[in-house]
Amino acid sequence: MNIRRRAFLTLFVCAASLRADEFPYQKPPKEILDVLHAPAPPATLVNPPRTHFLIAERELMPPIAELAKPMHRLAGLRINPANNGKHLPAGVLTSLSVKSIETGAETRIALPAGVRFTSPSWSPDGKRFALLGYTPNAVELYFGSVDSPALRRVPGLRIDDTMDGIVNWWSGSDELLVRTVPARRGPPPARPSAPAGPNVQESSGQSGPVRTYQDMLTNAHDEKLFDYYCTSQLAIVNANTLRAQTVGEPKIFADAEPSPDGRYLLVEWIHRPYSYLHPYMAFPRETEVWDRSGKPVHK
């Protein structure tokens, strides 16, 4: 028996002696791991007045535990049903610092353990920033400041981050417009044991090229899940008091933009019928101008 065959049989016997659930992931030699795990250059985010910038080091590869978390594929979105956020959010931070451009002084921001933070958003005056923190059961909102190493969490607020939880800073720099999980949403729709009817789609009667997308809606239950996880409640959060004020009624908001004077809000929301061939960006929409309380003033 030659050496190659003997080595193969040895590996086969060793593998066979382990159950499938006991066989761990195999790793390459240390030299290769050192290259794969070498830190990437940090990202820098300069504030609007160009007085400070954030230095963000980001996670290169998500752990297997994150990849294995539950996921709904709905209308081009990949949603984690456990926390109503994105499955594998991009730009997860491993460290964060704020640095003064004038003096060069650098302050390390303390990131709470057990929370996976995503990219920050500067306020217009550049004195504070907001960022989202992913936990196993919720997506939370935090505020940071150029004058403090500590983050401040908004208590009792669950962010809906399926389509980006931070919408926009309100007029000035004291308030932030966010998407939140509706307070009285109830449990998610249960999957039916059998479909109630066939999937029916209409066309214009003419053939033509159609782009192919991944993670599209496929049936009526998917439509209900899309409604459930993507319907959000707009809220204005005060960065000083950490209090939230709801605006209007819950909808599937595609966009929301405060007016420069802070008196109005231009909102755009998605409504049925949904397509099974296109992502949510191509779904029907309505646009209105609301006042600060959420009352429509112009359609």
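Student: At the start of α4, which backbone nitrogen does a side-chain oxygen of N219 reach?

Tutor: The backbone nitrogen of H221, to within 3.1 Å. This is a predicted model, in which local features need pLDDT of at least 70, side-chain atom pairs count only at pLDDT 80 or more, and totals for chains, interfaces and linings use all residues. Residues are numbered from 1 along each chain as its sequence is written, and side-chain values use heavy atoms, with hydrogens and water left out.

Student: What do the buried residues of α4 pack against?

Tutor: They pack against β3 (72-74), β4 (77-80), β15 (232-238) and β16 (244-258), where contact means heavy atoms within 4.5 Å.

Student: Changing topic, how many salt bridges are there in the whole structure?

Tutor: A search finds 16, each a side-chain nitrogen of Lys or Arg within 4 Å of a carboxyl oxygen of Asp or Glu. One of them joins R272 to D227, with the closest N and O atoms 2.5 Å apart.

Student: Why does that pair tie together separate parts?

Tutor: R272 lies in the loop between β17 (264-270) and β18 (285-291), whereas D227 is in helix α4, so the pair connects parts 45 residues apart in sequence. R272 is partly exposed, at 40% relative accessibility.

Student: Which residues form a network of salt bridges?

Tutor: E59, E66, K69 and R116 are linked in this way.

Methods. Helix = DSSP H or I, 4+ residues; strand = E, 2+ residues; numbered from the N terminus. Polar contact = N/O pair within 3.5 Å; in protein donor to acceptor, adjacent residues only side chain to side chain. Buried < 20%, exposed > 50% of the residue type's maximum accessible area, 1.4 Å probe, protein only.
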